[in-house]
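User: Please take a close look at the aromatic pairing and its surroundings. One connected account will do.

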Amino acid sequence: MKYDALQTLGVALVVLGGQGAIRQLVDHADSGLLGRLPGGFAAGITVYVVAVATGAIVAGWARGKAKAGERRS
């Protein structure tokens with residue numbers, strides 16, 4: 001139960017990062033949440049990809065911990 005918040009955060013990062021990366025790949029001028037980030041397209045797409053990777057790692061780690069906790073109970 002205590003890892004549910006981390007799983008939710010990880011999935012939210014995957015969804016927001018994926019959506020932002022796809023949007024920016026389709027329309028380079030639409031940077032969305034990262035409009036004020038210096039560096040233009042390359043910086044924006046990098047941040048979105050890092051958000052997806054971080055979200056996947058956090059969600060997977062939390063899921064593994066939750067499963068391990070179920071086996072011990």
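Analyst: A residue is called buried under 20% relative accessible area, exposed over 50% and partly exposed in between, with a 1.4 Å probe and protein chains only. The model is predicted, so local features need pLDDT of at least 70 and side-chain atom pairs pLDDT 80 or more, while totals for chains, interfaces and linings use all residues. Residues are numbered from 1 along each chain as its sequence is written, and side-chain values use heavy atoms, without hydrogens or water.

Rings of Phe, Tyr and Trp (its six-membered ring) pair if their centres lie within 6.5 Å; planes under 30 degrees apart are stacked, over 60 edge-to-face, the rest tilted. The count by this rule is one aromatic pair. Its members are Tyr3 and Trp61, with ring centres 5.7 Å apart and planes at 85 degrees, so the pair is edge-to-face. Tyr3 sits in the segment before helix 1 (4-26) and Trp61 in helix 2 (residues 40-72), so the pair ties together parts 58 residues apart in sequence. Helices here are DSSP runs (H or I, at least four residues), numbered from the N terminus.

Trp61 is partly exposed, at 45% relative accessibility. Together with Leu6 and Leu9, Trp61 forms a nonpolar surface patch of about 280 Å² accessible area. Such a patch joins nonpolar side chains (Val, Leu, Ile, Met, Phe, Trp, Tyr) within 5 Å, or like charges within 9 Å, among residues with over 30% relative accessible area and no salt bridge (Lys or Arg side-chain nitrogen within 4 Å of an Asp or Glu carboxyl oxygen). The areas come from the Shrake-Rupley method with a 1.4 Å probe; for residues, only the protein chains shown count as cover.

Helix 2 also holds Ala43. Ala43 is partly exposed, at 22% relative accessibility. Leaving aside neighbours within four places in sequence, Ala43 is in contact with Leu37 and Pro38 (heavy atoms within 4.5 Å).

How values were computed
Helices (H or I, at least four residues) and strands (E, at least two) are DSSP runs, numbered from the N terminus.
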